[in-house]
Amino acid sequence: MQLNVTSEIGRLKSVLVHLPGREIDVMIPPMMNQLLFDDILYGQVAREEHRRFQQLIRFIAPEVLDIQDLLEEVLESDEGKRLVIRDLEKRKILGRKLAPALREQPAALLAQTLIGGIPHERDGKGELPSFDLLPVPNYFFMRDPQVVIGNGVVVCGMATQARSRESLLSGYVFAHHPLFRESRRWSDFTAGIAPSREHKRMPTIEGGDILVPSRDLLLVGVTERTNRAGVRQLATSLREAGSEVRTIIVVELPRQRSFMHLDTVFTFTSRNECLIYPPVILPGGSQAATVTTIDLTKKGISYSPQKSLLAALKKRGFDLDPIYCGGRSAVDQQREQWTDGANAFTLAPGIILLYERNVRTAEELAAHGYHIVYEDDLLLGRTELETWTDTKYAIQMAGHELSRARGGPRCMTMPLVREDV
C-alpha cells in the first residue's frame, strides 16, 4: 500500500478503524478516571453502532481495515511474535512470568489479549478486579496513536500512561505488516515508553491534534494531550526526513478536557467550509486560541504570531466559510461541542459523518446547503448519495453509546489513502 493523505477532504480510499472489543467490557467505575472515560459503555450496543459506522464509510471508501486484524497478521509469523513480545518485555510492560505464556497463544488470541488486557485471577469473591495487563479501551479512537501525513506515518507519543500501549501496538503494525513495508516513517515518539515513564517531561503528540489541509501544510494543536516539545520534535523530524510539509500552523487551545484535541473544535468539511466551535476559533472569542506558524524552510524552530486560525489559513489559500457547531445559540454550541458536534469525518468533499444527537449542528449545516441523511435511510436503501454530483451531505449516525466515550467520527478513524484534491 502506498500511503497518501494530502488533505482532510479528498475522497477516502482506505481507512484504519478498530471495533471496540473486550477492552471496553472489563471496565468498572473505579477504573474510569485512570482509563480516561466518563462512563462505562454497553459493549454489545457500542459494537453494533461501530459496525453500522463502518458500513456508512463503505459507501465511499472501498477499504476499511481493523488494526486488530493487522496486528494478528503480524503475530502470525514467529518472527513478528518474537519481536513484539521481546519489545514489550524490554519496556517492562510484560513481566517475566507473563511473557512465556503469551508466546504460546495463537495470533488471534494474542492480538486480543494485547488490546483487551489480562485480568488477575483471585481465589476470593467480591473483591475489586485487578489486571496483570491493563486493557486499552480508548483504542477504538484510532485517530490518536498514529497519523498519516503525505506518504509517511508518525507514530505518536501519547500523553497518558493509559494510552501509551496503543501507539506501541500501532507502531508494530506499521513496522512489520507487509502492507506498510514501503511506507516512510516521519517520526516515532515511542522510544521512552515504559511503565515508569514521566509523561510530563517527554514530548507528547496525539493524532487528534494534527490536521492535514494540503501537501505542504499542517495544523497542530497544543492541548492537554500535545505539548510544545512534541510540536518541536514533529517539526524537526518532518524537515530532517525530507517531507513535503513547509508550514505548520500551531493552535494553542485552553487546557480543558472538553478541548482535548484540536479536532474537537475545528474540522474541514469541504473545499471552502469548516465546522468550528466559535468561542475558541473566532478571533476575539471568549476562549480564543493562540495561533502561530512555524516555517520549516528556515533554520531552527521559531513561532510567528497570527491573528487567528482562519486568518492564517486564508493567507495560505484556504478562504473558509465557518459553520458553527451548535448553531447560533451559546448554550447549544457548548452542549454540542461536548458531544463532538465539531468532530466531523469527511468522506469526500462535502460529504461528512456526524452524530445525529447534534441536532443544532445539523440545522446549521442544512442552512449551508448540506442534505441531512440519517443512517437508517442510507443503510436500508431508502436514499442514496449522488457522489457523481456536487451535492453536499451530512450523514447522521446514531452512536448514542459510542458518543458517551467522548469522541466523534473523526476520532474513530485514521485515513491511510485519500485521493488528491
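Mentor: Let's start with a term: a nonpolar core is a set of buried Ala, Val, Leu, Ile, Met, Phe, Trp, Tyr and Cys residues joined through side-chain atoms within 4.5 Å. Buried stands for under 20% relative accessible area, exposed for over 50%, and partly exposed for values in between, using a 1.4 Å probe and protein chains only. What you see is a predicted model, where local features need pLDDT of at least 70 and side-chain atom pairs count only at pLDDT 80 or more, while totals for chains, interfaces and linings use all residues. Residues are numbered from 1 along each chain as its sequence is written, and side-chain values use heavy atoms, with hydrogens and water left out.

The largest nonpolar core holds 61 residues, and Leu16, Leu114, Ile149, Leu218, Leu234, Ile248 and Leu416 have the most contacts inside it. A second, separate core has 38 residues, including Phe141, Leu347, Ile351 and Leu385.

Let's follow Leu416. Contact here means heavy atoms within 4.5 Å. Setting aside residues up to four places away in sequence, Leu416 touches a group that includes Met1, Leu3, Val5, Leu16, Leu65, Val148, Phe174 and Phe180.

Val148 leads us to a strand. Strands (E, at least two residues) and helices (H or I, at least four) are DSSP runs, numbered from the N terminus. In strand β5 (residues 146-149), Gln146 and Val148 point one way and Val147 and Ile149 the other, and all are buried. Strands pair if DSSP finds at least two bridges between them; β5 and strand β6 (residues 152-155) have four, and run antiparallel. The partner of Val148 in β6 is Val153. Two residues separate the strands of this hairpin, and Gly150 in the turn has a positive phi of about 60 degrees.

Helix α4 (residues 78-90) has 13 residues, and its end C-alpha atoms lie 18 Å apart. Gly80, Lys81, Val84, Ile85, Asp87 and Leu88 are buried in α4. These residues cover an arc of only 160 degrees around the axis, so they sit on the same side of α4; the arc is that of the directions from the helix axis to the C-beta atoms. An α-helix has 3.6 residues a turn, so residues three or four places apart point the same way. Asp78 and Lys90 are exposed on the face turned away from the buried side of α4. The buried residues pack against α3 (67-75), α5 (98-103), α6 (107-116) and α7 (161-176). Just after α4, Lys92 takes a positive phi of about 65 degrees.

Ala46, in helix α2, is buried at 0% relative accessibility. Beyond its neighbours within four places in sequence, Ala46 is in contact with Pro20, Ile24, Glu401 and Leu402.

The search of the whole structure finds zero disulfides, a disulfide being a pair of cysteine sulfur atoms within 2.5 Å. Cys274 is buried at 0% relative accessibility, and its sulfur is too far for a bond because the closest cysteine sulfur, in Cys325, is 12 Å away. Cys411 is buried at 7% relative accessibility; its closest cysteine sulfur, again in Cys325, is 13 Å away, too far for a bond.

Key:
Expected span 1.5 Å × (residues − 1).
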